[in-house]
Number of protein chains: 2
Amino acid sequence: MSDITTQKNVSDRERLVKMLKALGNPVRFQIIQFLAQRQVCITNDIVRATPLAQSTVSQHLKVLREAGLIKGDIEGPATCYCLDTDGFTWLKQNFQAWVPDVQVCCPPVERH
Amino acid sequence: MSDITTQKNVSDRERLVKMLKALGNPVRFQIIQFLAQRQVCITNDIVRATPLAQSTVSQHLKVLREAGLIKGDIEGPATCYCLDTDGFTWLKQNFQAWVPDVQVCCPPVERH
DNA sequence: AAGTTATATCGTAAAATTACGATATATGAG
DNA sequence: CTCATATATCGTAATTTTACGATATAACTT
């Protein structure tokens with residue numbers, strides 16, 4: 001309990017950090033934007049909206065899935081992706097809770 | 001303009017993604033938490049609150065600085081760090097704006 | 001001036017991420 | 001059954017990130 005890596009709410013914090021990490025990549029961030037706009041689409045729609053190889057997109061989708069940001073339902077030969085409602089609700093709440101609201105910062109301090 | 005990597009607001013999006021990436025690392029996230037709690041402290045306070053080497057912490061601080069999340073003022077021989085007010089205000093606003101608010105997701109769709 | 005403290009940067013090793021092509025699997029069409 | 005389509009996974013190369021020790025710099029102390 002002496003350093004900042006041993007605290008309470010570890011699993012919540014880890015979940016949040018995992019989500020932020022997943023979003024902190026330009027390709028994945030834009031896949032989320034694309035999915036938010038399209039609501040529902042299959043993998044191939046995302047691949048075609050991208051300059052990347054299908055396997056690369058599939059890998060990014062896996063990261064987003066494992067972060068709890070998207071859900072994929074198998075529909076016949078394709079996989080139908082959409083945003084994970086619960087995941088995003090949780091993210092928005094916890095982002096507000098964990099990421100500091102800064103009011104005043106860097107007051108002039110005297111250090112001796 | 002045909003794929004999702006060519007859109008408007010690129011620099012805002014890039015700035016947001018850069019911030020999310022910076023936060024999407026457990027060490028850096030906890031440095032932010034630590035700074036939010038302590039308001040102001042020098043590098044060595046953070047190093048001592050951490051199991052990591054000084055150079056490693058310094059490197060993480062650089063990432064946070066370059067993402068616009070913290071500011072460092074040189075005070076004598078030490079550097080005095082605090083959260084970047086403007087950066088966090090911008091982040092919170094743009095997170096709300098860019099990260100989708102999901103209401104309904106995955107309606108049952110018929111695919112032919 | 002010499003020693004101490006605080007920190008950033010450099011060089012580098014190890015690990016993780018990102019991207020690709022190839023492949024395996026599964027579904028639907030003919 | 002065969003072919004086409006859709007996608008996940010595997011193997012792998014290139015790049016980036018993460019971490020460390022060593023070093024350079026800068027400011028106080030004595």
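In chain B of this predicted model, three strands form an open sheet in the order β1-β3-β2, and their pairing is antiparallel. The edge strands of the sheet are β1 (40-42) and β2 (70-75) of chain B, each of which pairs on one side only. The model also contains DNA strand D, which is surrounded by 22 residues.

**The sheet of chain B**

- Strands of a sheet pair through backbone hydrogen bonds, and this pairing can be either parallel or antiparallel.
- β1(B) pairs with strand β3 (residues 78-83) of chain B in the antiparallel sense, over three bridges, and I42(B) stands opposite C80(B) in β3(B).

**The surroundings of DNA strand D**

- The closest residues to DNA strand D are N44(A) and S58(A) from one chain, with K21(B), A53(B) and H60(B) from the other.
- Of the atoms of DNA strand D that come within 4 Å of the protein, sugar and phosphate account for 60%.
- Sorted by class, the surface near DNA strand D has twelve polar, seven nonpolar and three charged residues.

**Individual contacts with DNA strand D**

- A base oxygen of DNA strand D lies 3.1 Å from a polar side-chain atom of S55(B).
- The elements giving two or more residues to the surface near DNA strand D are α3 (43-48), α4 (54-66) and β3 (78-83) of chain A, together with α4 (54-66) of chain B.

Technical notes:
Residues are numbered from 1 along each chain as its sequence is written. Chains are lettered from A and ligands numbered from 1 in the order in which they are written. This is a predicted model: local features need pLDDT of at least 70, side-chain atom pairs count only at pLDDT 80 or more; totals for chains, interfaces and linings use all residues. Side-chain values use heavy atoms; hydrogens and water are left out. A residue is near a molecule or strand if one of its heavy atoms lies within 4 Å of it. A polar contact is a pair of N or O atoms within 3.5 Å; within protein, one must be able to donate a hydrogen and the other to accept it, and residues adjacent in sequence count only if both atoms are side-chain atoms. Helices (H or I, at least four residues) and strands (E, at least two) are DSSP runs, numbered from the N terminus. Ala, Val, Leu, Ile, Met, Phe, Trp, Tyr, Cys and Pro count as nonpolar, Asp, Glu, Lys and Arg as charged, and the others, Gly among them, as polar. Two strands pair if DSSP finds at least two bridges between them.
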